[in-house]
Amino acid sequence: GILIGDVSGQGIPAALYMVRAISDSRFLAPRSRHPSELLRELNARLVKDASFGFFTTLLYVIVNPQENTIEYASAGHHPPLLRCGSPARSVQDLSGPAGIPLGIFENSEYPDSQAPFGRGDTFFLYTDGIIEARDKHGAEFELRRLTDLLTAEEADVQKDWLRLFEQLRDYTKIAGGAHTPH
């Protein structure tokens, strides 16, 4: 499976909280048949040992190449984007039901969603660090710019990443350095 997330807060305590979530996820993943199972069990562990009000958003994705599907569940994280390959270039926001971030409430539910994919399709997972990056006037990069970038040219994952990093660098540039949202 593939896991992406974001922890509340900053600094060493927040980093250690995320390390704990990742470590527990690695332990739970082989025992979880569906993404929702992993998120429910991880949430129970984080709530039980809650520390200093931290929480984390996570998206857990399982790819099934035999059936050309992904199965995913979200704990308050941004949904995956699906860039359809040939012949038409389009990006679909795979928003589905999402649970609340992990570590807040016991017995939270994290419904599973599924999405098919075809030859040449690409999934894009991201955090708010991309869409909330700000320019020198405080305007956010936004999901629209990300989807525009993903549909602008032929699909090439390596070039897509380079274009994204270049656009974010140029967008956030201010005199003397980069402007970050936090």
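Cys-84 stands opposite Ser-90 in β5. This pair belongs to a predicted model, and the strands concerned, β4 (residues 81-84) and β5, run antiparallel and are joined by 4 bridges.

β5 and β4 are part of an open sheet of 3 strands, in the order β5-β4-β7, with antiparallel pairing. At its edges are β5 (90-93) and β7 (122-124), each of which pairs on one side only. From one strand to the next, the twist averages 25°.

Another open sheet contains 4 strands in the order β1-β2-β3-β6, and here too the pairing is antiparallel. Its edges are taken by β1 and β6 (113-116); each has a single partner strand, so one side of each is left without a neighbour in the sheet. Neighbouring strands of this sheet are turned by 20° against each other on average, direction ignored. Within the sheet, β3 (residues 69-75) pairs with β6 in the antiparallel sense over 4 bridges. Tyr-72 has Ser-113, in β6, as its bridge partner.

| Strand pair | Sense | Bridges |
|---|---|---|
| β3 and β6 | antiparallel | 4 bridges |
| β4 and β5 | antiparallel | 4 bridges |

In general, the strands of a sheet pair through backbone hydrogen bonds, either parallel or antiparallel.

Helix α1 packs on the sheet of β1, β2, β3 and β6. The helix touches β1 and β2, and its direction makes about 155° with that of β1. α1 covers residues 11-28, which is 18 residues. From its first C-alpha to its last the helix reaches 26 Å, close to the 26 Å expected at 1.5 Å a residue.

Which residues of α1 are buried? They are Ala-14, Tyr-17, Met-18, Ala-21, Asp-24, Ser-25 and Leu-28. These residues cover an arc of only 125° around the axis, which puts them on the same side of α1. The elements they pack against are β1 (2-7), α2 (35-48) and β2 (56-64). The buried set includes Asp-24 and Ser-25 as well as Met-18 and Leu-28.

On the face of α1 turned away from the buried side are the exposed residues Ile-12, Leu-16, Val-19 and Arg-26.

Key. Residues are numbered from 1 along each chain as its sequence is written. This is a predicted model: local features need pLDDT of at least 70, side-chain atom pairs count only at pLDDT 80 or more; totals for chains, interfaces and linings use all residues. Side-chain values use heavy atoms; hydrogens and water are left out. Helices (H or I, at least four residues) and strands (E, at least two) are DSSP runs, numbered from the N terminus. The expected span of a helix is 1.5 Å times one less than its number of residues. Buried means under 20% relative accessible area, exposed over 50%, partly exposed in between (1.4 Å probe, protein chains only). The arc is that of the directions from the helix axis to the C-beta atoms. Contact means heavy atoms within 4.5 Å. Two strands pair if DSSP finds at least two bridges between them. Axes are lines fitted to C-alpha atoms, for helices over the stretch in contact, and angles run from 0 to 180 degrees between N-to-C directions.
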